[in-house]
Amino acid sequence: MTAQPSAAALTPVPSREGLWSRTRTLVLQQPILQVLVLAVVVVWLLITVPGIANLRSASALLIIASLLSLAAMGQTLVVILGGLDLAIPGYVIVGAFVSANLAGGQGWPVPVAFLLTIAVCGGAGAAIGFLCHRLKVEPLMMTLGMGAVLTGGTLFLTNGNYASAPPDFLRGLAGVTSTTFGLPLPPIILIVAVAAVLLWLVLNRTPAGRSLYATGINVRAAKLTRVNTTAVWTLVFAASGALAGIAGMFIASFSSGWAQSIGEPYLFSGLAAVLVGGTTFGSIRGSFTRTVLGALILTGLSTIIVSNGLAEAQSRIIYGVIILIVVALYGRERHVRDRF
Amino acid sequence: MNRVLGMFQRWPFGFAMLLCAILLIINLVVSPSFASPARLGSTLATLAPFVLVGFASTPAILSGGIDISVGPLATLINCVFVAVLIPAGLGDWPLAIPLLLALAMAVGAINGVLVAIVRLHPVVATTGVLFLLIGASLTIAKSPIVAPDNWTRPLAGSIGVIPGAVITLGAAALVWFLLKRTVFVRNLLATGESDSSAYGSGVNVTAMRVLAYTLGGLFAGIAGIALSALLQASGSSLATTYALLGLAAAVLGGTSLGGGRGGLLGTFFGALAIYLLQQLLTSAGVQPNLIEFTYGLLLIVGVVLGATLLSPRISRRTA
């Protein structure tokens, strides 16, 4: 499922090596377009809402973008693998339940809460990844089913009790007014930034990262080069679950509580962040850096939309248009006649 | 045992059909009034939008793609009818039906063009359109608007002795039946099975894909009308629920996500099985959250069974 542009980027045709094709290659390989769009969005935001240029509002925006990035982190890896994880709302709800009801309401220690979330969501994800790869089924339905199982099971355990909030320590990590080592930045922003750097190192500088890209581009070829593709699938889906679960814990901490529908927006907005960032299904052009850029762009845009008096409905429409335009710019697939 | 398995493999919807039969019997045991003629009309009316959304997602899957925007399209049609056409005085059926179906087919065709001509990944293209449609529905009718008395009401009750839902379901089935007489369905399945082979044998793959999504749009339009009949109001909040349930129905009914295998009959039984399960759990007094849990479990088990016991590919390999 390699997209045509990436193939063109790998083997440039000598006769068309003009300025245009070199620019095109550069734009395809580096997220220059996204950086430009982000700059435009920031300038536009400063012009339309001048009041936003203070530390409090800026860090609030950054927290929202960080939470969205964290929820979309695992989805990025799954999309690089050529799949789609529809169980994100389920993982987010499990995370929110553990942090608010167990750590907050029942007073469980925070490290135990983290371990439980990682075990439950990671385990569910690992099962999906393993089964999908072994049985050669599309992850779409499996993740949809797992999402329903996790959501239904967690809400049953919750039994309508949404009164408790996460403990102070977790709320301090994701609160707008918190500081990190004296810096006026909430810790969650730093956590996501460090995670982004670590993930970049893993994807670009380790054999594990190369195995992931290889498996995403062509499972059979990867297997023939002795990549353990079963392990790649299992681990990637496990990571997707664990990361979305942790994101759920922080999401509940940021809003000091949770509700039944807390996970739903993070599925589609997270996917939008991945796609706007420029990660395409099963390609070498995917990375978490791109997803962070996508999340920043979307957060900025929805702030502009809301501050211009438009509603959530219009922001959905704009999300849709942006996804279509961005992906049409470079996420196109090959024509059938070129695929013989 | 092997013969039973062989039968399931030849008819992909056999598993869903068996599931339906079992669930129907349990339903009748739990609440004997379930199949009484008095309740049949309303039962079918509740079932119809769900089955139709499943129908709507089927052609796209058969063509080797996927369409996640059919559920939101059905709710958009519902919102357009209740919140735009009726207040504008265009709510009479000779005018409203062509308008609504044309709108639905146009949206379907846009999906098809994005997938086949702009050549976006089907998930990406239909996710983009899904956002557009949800946004449009919320813009038209954010909170539910109650519809005045209109022609759709009998479609959720009965017209004479015929349950109204038979008409909406029948219309979609008739379209599919007529298309099956043409070369369209065969070319569609060929495209889904292997697009490069179909292209090599002279099938216009691009046109097939656009038409598949347009047909899905038509079914989603009928689903929107059936939904209006059932709700008699606008229900923009149902969009994402229907988006995923329709896919689940199609896959449970034996339509392969790889494309090229399956059909509307399977989707019907898939949707019926999910509906019967919900009915059973509801009448047994199970909590709604546990129903979602069971439904997810059923989906996983169904997919796993479909890929192991019931897959002709595996049996061929072991034989």
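Start by colouring the two chains: 45 residues of chain A are in contact with 41 residues of chain B (contact: C-beta atoms, placed from the backbone, within 7 Å). This is a predicted model, where local features need pLDDT of at least 70 and side-chain atom pairs count only at pLDDT 80 or more, while totals for chains, interfaces and linings use all residues. Residues are numbered from 1 along each chain as its sequence is written, and chains are lettered from A and ligands numbered from 1 in the order in which they are written.

Stay with the side of chain A that touches chain B and select α7 (139–158), which gives the most to it, with 14 residues (helices are DSSP runs of H or I, at least four residues, numbered from the N terminus).

Next, select α5 (residues 88–105) and α12 (residues 229–254) of chain A: their axes come within 7 Å and cross at roughly 50 degrees. Axes here are lines fitted to C-alpha atoms over the stretch in contact, with angles from 0 to 180 degrees between N-to-C directions.

Finally, click A:Val232 in helix α12 of chain A. Is A:Val232 buried or exposed? A:Val232 counts as buried, because it has 24 C-beta neighbours inside 10 Å (buried: 20 or more; exposed: 12 or fewer; partly exposed: in between). Beyond neighbours within four places in sequence, A:Val232 is in contact with A:Ser211, A:Leu212, A:Thr215 and A:Val227.

Note on methods: Helices (H or I, at least four residues) and strands (E, at least two) are DSSP runs, numbered from the N terminus.
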